[in-house]
Amino acid sequence: MSILARIRTFIRSVSNIFRRTNIMAVHDSDVVQLLESLGIYRQVASGSVMCASCGVAVTLENLWAIRRHGGTYQLICLSPSCASLLDPIV
Ligand SMILES: [Zn+2]
């Protein structure tokens, strides 16, 4: 199996894991893989995705949460007012 085929197989396996489960937390080192599996990494890396709560650009540095909304994903920034909307311990 070529290295490219191995990489594709790995990405598919990671993608399937993320699609089948509700993930409450993701380690920093896995965020890029998660965003790639959701097909939104480039938008987040370029700062072209806005926080669904306050409208600020969400990047890898201020990403707090991802939630599914209909057929798309909404990102939430780490602003305390936005992050607290999703905090289950309120
Ligand atoms: Zn926000």
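Helices, of at least four residues, and strands, of at least two, are DSSP runs numbered from the N terminus. The model used in these exercises is predicted.

**Exercise 1. The fold in outline**

Task: State how many helices and strands the protein chain has, and give their order.

Solution: 
- Step 1. Count the elements. The protein chain holds four helices and four strands.
- Step 2. Read from the N terminus. The order is α-α-α-β-β-β-β-α.
- Step 3. The protein chain has 90 residues, and 12% of them count as buried. Take the contacts with a separation of 6 or more: 24% of these join residues 24 or more positions apart.

**Exercise 2. A pair of strands**

Task: Describe how strands β3 and β4 are joined.

Solution: 
- Step 1. Locate the strands. β3 spans residues 63–69, and β4 spans residues 72–77.
- Step 2. Find direction and bridges. The two strands run antiparallel and are joined by six bridges.
- Step 3. Name bridge partners. L63 is partnered with C77 in β4. H69 is partnered with T72, also in β4.
- Step 4. Look at the turn. Two residues sit between the strands of this hairpin. There, G70 takes a positive phi near 65°.

**Exercise 3. Buried or exposed?**

Task: Classify S46, S37 and C77 as buried, partly exposed or exposed, using C-beta counts within 10 Å.

Solution: 
- Step 1. Recall the cut-offs. A residue with 20 or more other C-beta atoms within 10 Å is buried, one with 12 or fewer is exposed, and one in between is partly exposed.
- Step 2. Take S46. This residue lies in the loop between α3 (41–45) and β1 (49–50). S46 is exposed because its count is 10. Its C-alpha atom is 9.3 Å from that of L60, 14 residues apart along the chain.
- Step 3. Take S37. This residue belongs to helix α2, residues 31–38. S37 has a count of 19, so it is partly exposed.
- Step 4. Take C77. This residue lies in strand β4. C77 is buried because its count is 24.

**Exercise 4. The surroundings of C77**

Task: List the residues that C77 touches, leaving out those up to four places away in sequence.

Solution: 
- Step 1. Read the contacts. C77 touches C51, C54, V56, V58, N62, W64 and C82.
- Step 2. Check a C-alpha distance. C77 and G55 are 22 residues apart along the chain, and their C-alpha atoms are separated by 8.9 Å.

Conventions: Residues are numbered from 1 along each chain as its sequence is written. This is a predicted model: local features need pLDDT of at least 70, side-chain atom pairs count only at pLDDT 80 or more; totals for chains, interfaces and linings use all residues. Two residues are in contact if their C-beta atoms, placed from the backbone, lie within 7 Å. Two strands pair if DSSP finds at least two bridges between them.
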